[in-house]
Each structure stands twice: as structure tokens, then as C-alpha cells.
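Thanks for sending this one over. Here are my notes, written so that you can follow them with the model open beside you.

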Amino acid sequence: ETAGSLSLLFTDKTGTLTTGKPEVTDILPASVSEKELLRLAAALEKGSEHPFAKAILAKAKNLNGYETSEFETIPGRGVSAVVNGIRCYGGNEKLMTEKGIRVPHYEELASKGRTPLYFGSEDGLYLGAIAAADVLKQDSVEAVAAMQKLHLDVVMLTGDNKEVAQAIASQAGITHVISDVLPGDKAGAVKKLQSEGKHVLMVGDGINDAPALVTADVGMAIGAGTDVAIESADVVL
Ligand code: ADP
Ligand code: MG
């Protein structure tokens with residue numbers, strides 16, 4: 001009954017519109033060799049559950065040998081750990097800026113839907129970037145068109161950067177994009193539109209989608225998603 005009155009659909013990107021299984025497309029070393037960058041990145045990412053971490057580990061298959069400790073996830077930004085005694089960081093531009101690491105802005109990569117993941121270490125040293133790209137699920141275009149036909153305003157809500165988000169959105173037939181959203185802010189975006197009188201449907205699969213799935217008038221989780229998304233939703237697809 002509630003679903004019959006919906007006016008706006010928020011959709012997550014990674015793992016919802018896309019397969020959620022990104023692959024490494026480019027390796028862009030700065031102050032170390034390509035192999036060394038990949039080895040460091042793998043050491044840093046081995047504690048992460050993020051799809052980007054998995055892409056890097058798959059690419060780095062046989063490159064290991066570094067000791068990692070004090071691993072931590074930095075929500076909406078990336079990861080940090082001590083690798084061979086040096087504090088290292090991996091993540092988006094926002095994280096690098098916060099850590100005083102200057103990085104190039106790979107606009108052209110991002111506009112092709114490839115997400116640049118930056119790596120650096122303490123003392124502001126920039127090591128290089130690794131880009132990963134994800135592809136749309138086979139039926140995403142059709143699903144988005146069907147929702148639009150039901151007069152739902154379809155809006156992408158993602159933690160990824162603006163250029164990547166827009167590239168994937170245009171492939172999916174979505175014109176409205178809210179990008180660079182921190183995990184805690186997805187629910188805030190839902191609340192804001194509800195306060196403007198919208199009846200909101202949220203679709204997502206990730207840990208960072210769970211609060212928004214609870215807040216929305218109707219929350220739908222992707223069945224192959226995380227347990228917390230499934231627990232938080234009204235409907236499991
Ligand atoms: P999303 O899954 O929608 O991209 P997240 O909040 O999980 O949203 O991540 C936001 C951004 O933070 C990612 O697009 C990526 O740039 C960066 N990030 C997150 N986790 C990692 C990680 N393990 N390694 C590198 N970068 C990461
Ligand atoms: Mg997701």
C-alpha cells in the first residue's frame with residue numbers, strides 16, 4: 001500500500017546498479033614502480049571487505065611479503081594501516097587531502113566510469129593510484145526505465161566521486177545524481193526529501209545503505225547484499 005504512493009527512488013550505485021565486482025583497469029605509479037605500488041596496495045587492502053579492495057587483491061595475486069598491522073577502515077574514504085613500519089593510506093581524494101598528500105585529479109579516467117584509488121604514506125608522500133571499474137548489471141537499464149515509467153523520479157545516491165557517478169548514471173539512464181555521500185549521510189538525504197513531501201523508495205545493498213533503508217518509506221535490499229542491508233529493508237529483492 002505504501003509502495004503505491006511512492007514518488008522518488010534513491011538507488012545506490014555499487015552492487016545495486018552495477019555488479020559490484022570491479023576490476024583493476026589502470027596502474028598509475030608516482031614515486032615507486034608499478035609492481036611496488038601494487039604490492040603496497042595489496043598489503044594495505046588485505047584487511048578490507050570493500051569491492052575495490054578485492055579488485056586490487058585479485059590483481060596483485062602473487063605479490064606479497066609485506067607485514068601489515070594496525071589496519072583500520074575510514075568510512076566513506078578508504079583504509080589505513082602500518083605496512084613494514086610505515087603508516088600508509090589508500091582511498092579517495094578526500095582522504096588524501098585530509099592526510100596532507102597531494103594527488104593528481106584523474107578526471108578523464110573518472111569520466112569513463114573508472115574510480116581512481118589513491119595511495120600514500122606518512123609525511124605526505126604520494127605513491128600512486130590504481131583505477132578500478134565496475135559495470136552495470138544486465139537488467140539495470142530496463143529496471144530504471146520501468147521505474148521512470150511509473151513516474152518515479154530516479155536519483156543515484158553514492159559514496160563514489162562525481163565524475164564516476166555521472167558516467168555510470170548516464171549509462172543507466174539516470175540524470176539526477178547525488179555523489180560523494182558519506183555513509184552516515186545517505187539517511188539524511190532521504191529525510192531531506194521526505195521533509196519536502198516526497199515518498200521515498202530506497203534500494204541498496206551495502207552497510208552504508210542500511211540507515212537509509214530504515215529511514216525510507218519503503219526500503220528494498222538486494223538479496224545478494226550485506227546482511228545488515230537485508231535486515232534493515234522492508235523488501236528483499
Ligand atoms: P561506494 O561503495 O558507494 O563507493 P563507500 O562509502 O563504500 O561508497 O566508499 C566511498 C569511496 O571511498 C569509494 O568510492 C572509494 O573511493 C573510497 N574507498 C572506500 N573503501 C576503500 C578501500 N578499501 N580502498 C580504497 N578506497 C576505498
Ligand atoms: Mg552498494
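The points below go through the sheet, the metal site and the salt bridges.

1. Some ground rules. This is a predicted model, in which local features need pLDDT of at least 70, side-chain atom pairs count only at pLDDT 80 or more, and totals for chains, interfaces and linings use all residues. Residues are numbered from 1 along each chain as its sequence is written, chains are lettered from A and ligands numbered from 1 in the order in which they are written, and side-chain values use heavy atoms, with hydrogens and water left out.

2. The sheet. Six strands form an open sheet in the order β9-β8-β1-β10-β11-β12, with parallel pairing. The edges are β9 (176–178) and β12 (235–236); each has a single partner strand, so one side of each lacks a neighbour in the sheet. Strands (E, at least two residues) and helices (H or I, at least four) are DSSP runs numbered from the N terminus, and two strands pair if DSSP finds at least two bridges between them. Between β1 (residues 8–11) and β8 (residues 153–157) there are four bridges, in the parallel sense; Leu-9 has Val-154 as its bridge partner in β8.

3. The metal site. Asp-12 (OD), Thr-14 (O) and Asp-205 (OD) coordinate the magnesium ion (ligand 2) at 2.0 to 2.2 Å. Donors here are N, O and S atoms within 2.8 Å of the metal (3.2 Å for Na, K and Ca); water is not among the atoms, so sites may look incomplete. Along the chain, the donors follow the spacing D-x1-T-x190-D. Asp-12 and Thr-14 are both buried (under 20% relative accessible area; exposed is over 50%, partly exposed in between, with a 1.4 Å probe and protein chains only).

4. Salt bridges. The structure holds eight of them, each a side-chain nitrogen of Lys or Arg within 4 Å of a carboxyl oxygen of Asp or Glu. One joins Lys-13 and Asp-160 (2.9 Å, N to O). Lys-13 sits in the loop between β1 and β2 (23–29) and Asp-160 in the loop between β8 and α6 (162–172), so the pair ties together parts 147 residues apart in sequence. Lys-13 is buried at 2% relative accessible area, and Asp-160 is buried at 9%.

5. Another pair to check. Asp-26 and Arg-114 form a salt bridge, with their closest N and O atoms 3.0 Å apart. Asp-26 belongs to strand β2 and Arg-114 to strand β6 (residues 114–121), so this pair links parts 88 residues apart in sequence. Asp-26 is buried at 18%, whereas Arg-114 is partly exposed at 23%.
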